[in-house]
Amino acid sequence: MQLPLPVTLPTDETFESFIHGDNGALVELLISLSEKGCDWRNDATFAALSHSRLPGIAIIGGAGRGKSHLLYAFCHQLAAQNIHHIYLNMENIEAWSAAVFDSLESLPFICLDNLHAIAGNRVWEEAVFHFINRIVDSQTAVLVWASQLGSHHPAFILPDLRSRLSWGVTFQLHPLDEDDKTQVLKNRAAQRGLKFSEQAIQFLRHHTDRDLPTLLSLLDRLDTRSLQEQKKLSVGMVKRELGLEISKPDPCPEPKP
């Protein structure tokens with residue numbers, strides 16, 4: 001079996017760093033499944049999964065809700081126990097051929113991220129359809145997939161694929177509330193050893209887009225600025241990064257010639 005080159009997943013995207021919000025049931029299922037490993041069928045906890053025609057877990061939700069984070073965390077947990085698995089980001093299909101799925105059904109766990117990226121692409125939809133059929137026939141693998149589009153979304157043009165994607169267990173990933181987003185920022189800052197004042201966090205919340213990807217991208221930029229300026233993350237630093245701090249005019253300007 002020829003597998004695609006392994007990818008390096010973000011080391012800070014773990015179950016410990018994931019803020020559950022209203023998604024506790026999904027998180028607990030993934031943690032339990034990764035801990036049980038290949039013996040999951042012998043545990044009544046996974047009855048719904050084992051009774052599904054497709055041993056699969058679908059994670060559906062809009063951009064920035066943490067779908068990839070959960071897949072990364074699941075893979076990290078499997079890797080820690082030396083359980084064979086693979087992670088594929090379907091946004092990279094232009095770099096692959098559909099043969100990437102050949103024999104993958106023999107692995108215990110397969111994670112497909114951003115499955116919405118294949119919607120409307122007949123070649124890839126057919127490849128995923130046939131791959132799922134092999135998983136159903138073999139009953140040896142668990143497919144965990146994440147997408148911004150649900151299984152019945154008309155953007156998937158193959159009716160048979162829409163049908164197969166609906167066979168597993170589906171979870172809608174709920175967005176975090178403002179307090180949970182603040183906790184995510186605090187946790188990420190702490191992981192980086194950053195000192196983030198409460199005033200700076202509150203300013204950040206009220207002067208930027210509040211979706212998590214935007215906030216975390218800004219945190220990356222603030223991390224770099226903090227290292228450059230050798231200062232903790234303050235309101236002034238946030239203002240400078242956002243271009244909101246306007247320098248005061250010189251009270252005694254030189255006379256024009």
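**Entry 1: the largest pocket**

I began with the largest pocket, and I noted that about 400 Å³ of space lies in it. I keep in mind throughout that this is a predicted model. I then looked up its lining, which is made up of 21 residues, and the closest of these to the centre of the pocket are Gly64, Arg65, Gly66, Lys67 and His69. Next I asked which elements give two or more residues to the lining of the largest pocket. I found that they are helix H3 (67-80), helix H6 (178-191) and helix H8 (212-229). Helix H3 gives the most to this lining, with four residues. When I sorted the lining residues of the largest pocket by class, I counted nine nonpolar, seven polar and five charged.

**Entry 2: helices H7 and H9**

I reminded myself that two packed helices are described by the angle between their axes and by the distance between the axes. For helix H7 (residues 198-207) and helix H9 (residues 235-242), I wrote down an angle of about 30° and axes that are 8 Å apart. Angles under 35 degrees count as roughly parallel, and H7 and H9 are therefore roughly parallel to each other. I also wanted to know which residues of the two helices meet. From H7 I listed Gln199, Ala200, Phe203, Leu204 and His207, and these meet Val235, Val238, Lys239 and Leu242 in H9. By class, I recorded six nonpolar, two polar and one charged residues in the contact of H7 with H9.

**Entry 3: Ile118**

I turned to Ile118, which I located in the loop between strand S3 (109-113) and helix H4 (122-138). Is Ile118 buried or exposed? I found a relative accessible area of 0% for Ile118, and since buried means under 20%, Ile118 is buried. Leaving aside its neighbours within four places in sequence, I listed the residues in contact with Ile118 as Met90, Ile93, Trp124, Glu125, Val128, Phe156 and Leu161. I followed up one of these, Met90, and noted that Ile118 and Met90 are 28 residues apart in sequence and 7.0 Å apart in space, taken from C-alpha to C-alpha.

**Entry 4: Ser52**

My last entry concerns Ser52, which I placed in the loop between helix H2 (47-50) and strand S1 (56-60). The relative accessible area of Ser52 is 13%, and because the cut-off for buried is under 20%, I wrote Ser52 down as buried. Not counting residues up to four places away in sequence, I found that Ser52 touches Trp167, Gly168 and Val169.

Note on methods
Residues numbered from 1 in each chain as written. Predicted model: local features only at pLDDT ≥ 70, side-chain atom pairs only at ≥ 80, totals over all residues. Heavy atoms only, no water. Buried < 20%, exposed > 50% of the residue type's maximum accessible area, 1.4 Å probe, protein only. Contact = heavy atoms within 4.5 Å. 1 Å grid on protein atoms, 1.4 Å probe; cavity = no way out; pocket = protein on both sides within 12 Å on 5 of 7 lines; lining within 4 Å. Points joined across faces, edges and corners; volume = space filled by probe spheres on them. Nonpolar A, V, L, I, M, F, W, Y, C, P; charged D, E, K, R; others polar. Axes fitted to C-alpha atoms, helices over the stretch in contact; angles between N-to-C directions. Parallel < 35°, antiparallel > 145°, perpendicular 65-115°, else oblique.
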